[in-house]
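Have the model open as you follow the dialogue.

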Amino acid sequence: MSDSVIRIEPRQHDIGGGLVVRRALPHLLARCVGPFVFFDEFGPVQVAPGSGTDVRPHPHIGLATVTYLLGGAMVHRDSLGTVQEIRPGDINLMSAGRGIVHSERGTDEAHAHGQYLHGLQTWIALPQALQESDPWFRHYPGAGLPRLQRPGVNLHLLMGHAYGALSPVQAPSPTLYVMLSVESGSVHEIEADYAERALYVIDGEIEIGGEMIGKNELAVLPPGAARLHARAASRVALIGGDALDGPRHLWWNFVASTRERIEQAKQDWREQRFPPVPDETEFIPLPER
């Protein structure tokens, strides 16, 4: 890790229906932060009635997906037979292991009337020993995740151990994920209890390590404690964890320690050898590139 703050401006894509996705990880300046190998913010957007933002069934290997909504609602379905609605503040955690298929769609109400949609989609690489493990899914209601207060700051501890509290979310490896709502002018100490950490500014503007970090920017922190100054009322995601136990290859929806495993997953999806999502016949085909 660098000895100074690394500022990352996400790449931005309009994936249709007015839905903008900002991808902060992976990036040339930081391939990962702790186990986080992928960090997307989608929206905010006012979705029109219909199914324009539905994500059809697609596969994963070697990672765990972490879905967190800031607005709206979605329904997760997977090849294990899971059907789970997620709302703001909740955590959906799905470990792909050797292979899983899932879809994410709007609720019936959203399809009929439209909705405001905003959220974060992150992936954490599984430890090497768990890359071929059985897939699983867990849902954690937001009301059961610790909410803490510090001067000028409200915190929602989603994953990990921080600020003297422990989240009940059972992550595959030591992982930190906290949502911070910071009052303008407040100063907040970021603890040094995880080897790698980063801050993503959803709204507002902060200063940390002498760097001004604006809306939709990621700040990868150097080792050690850090002091956050809120230059405006800000909503910030703090992520991090232990360093990965080796390099990872990422291609499309696949994460693996070897390129050979990626090639096998590509062929398995091309030939539809992954288990299907019950009662769903659509799927996203393998990209040509």
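The dialogue below goes from strands and sheets to pockets.

Q: What kind of model is this, and how are residues numbered?
A: This is a predicted model, where local features need pLDDT of at least 70 and side-chain atom pairs count only at pLDDT 80 or more, while totals for chains, interfaces and linings use all residues. Residues are numbered from 1 along each chain as its sequence is written, and side-chain values use heavy atoms, with hydrogens and water left out.

Q: In what order do the 7 strands of the open sheet lie?
A: Strands of a sheet pair through backbone hydrogen bonds, either parallel or antiparallel. A strand is a DSSP run of E, at least two residues, numbered from the N terminus. Two strands pair if DSSP finds at least two bridges between them. Here the order is 2-3-4-11-6-9-12, with antiparallel pairing.

Q: Why is one side of strand 2 and of strand 12 left without a neighbour in the sheet?
A: Strand 2 and strand 12 (136–140) stand at the edges and have a single partner strand each, so one side of each has no neighbour in the sheet. Neighbouring strands of this sheet are turned by 15 degrees against each other on average, direction ignored. The axes are lines fitted to C-alpha atoms.

Q: How many bridges join strand 9 and strand 12?
A: Strand 9 (residues 91–95) pairs with strand 12 over 5 bridges, in the antiparallel sense. L93 has R138 in strand 12 as its bridge partner.

Q: Are the faces of strand 22 buried or exposed?
A: In a regular strand the side chains alternate between the two faces of the sheet. Buried means under 20% relative accessible area, exposed over 50%, partly exposed in between (1.4 Å probe, protein chains only). In strand 22 (residues 218–221), L218 and V220 on one side are buried, as are A219 and L221 on the other.

Q: Which strands pair with strand 22?
A: Strand 1 (residues 6–8) runs antiparallel to strand 22 and is joined to it by 3 bridges. R7 has A219 as its bridge partner. Strand 19 (residues 196–203) also pairs with strand 22 in the antiparallel sense, over 4 bridges. There, A198 has V220 as its bridge partner.

Q: Which residues lie nearest the centre of the largest pocket?
A: On a 1 Å grid over the protein atoms alone, a pocket is an open set of points where a 1.4 Å probe fits, with protein on both sides within 12 Å along at least five of seven lines; lining residues have an atom within 4 Å of a point. The largest pocket is lined by 33 residues, and V21, R23, F38, D40 and N253 lie nearest its centre.

How values were computed:
Axes fitted to C-alpha atoms, helices over the stretch in contact; angles between N-to-C directions.
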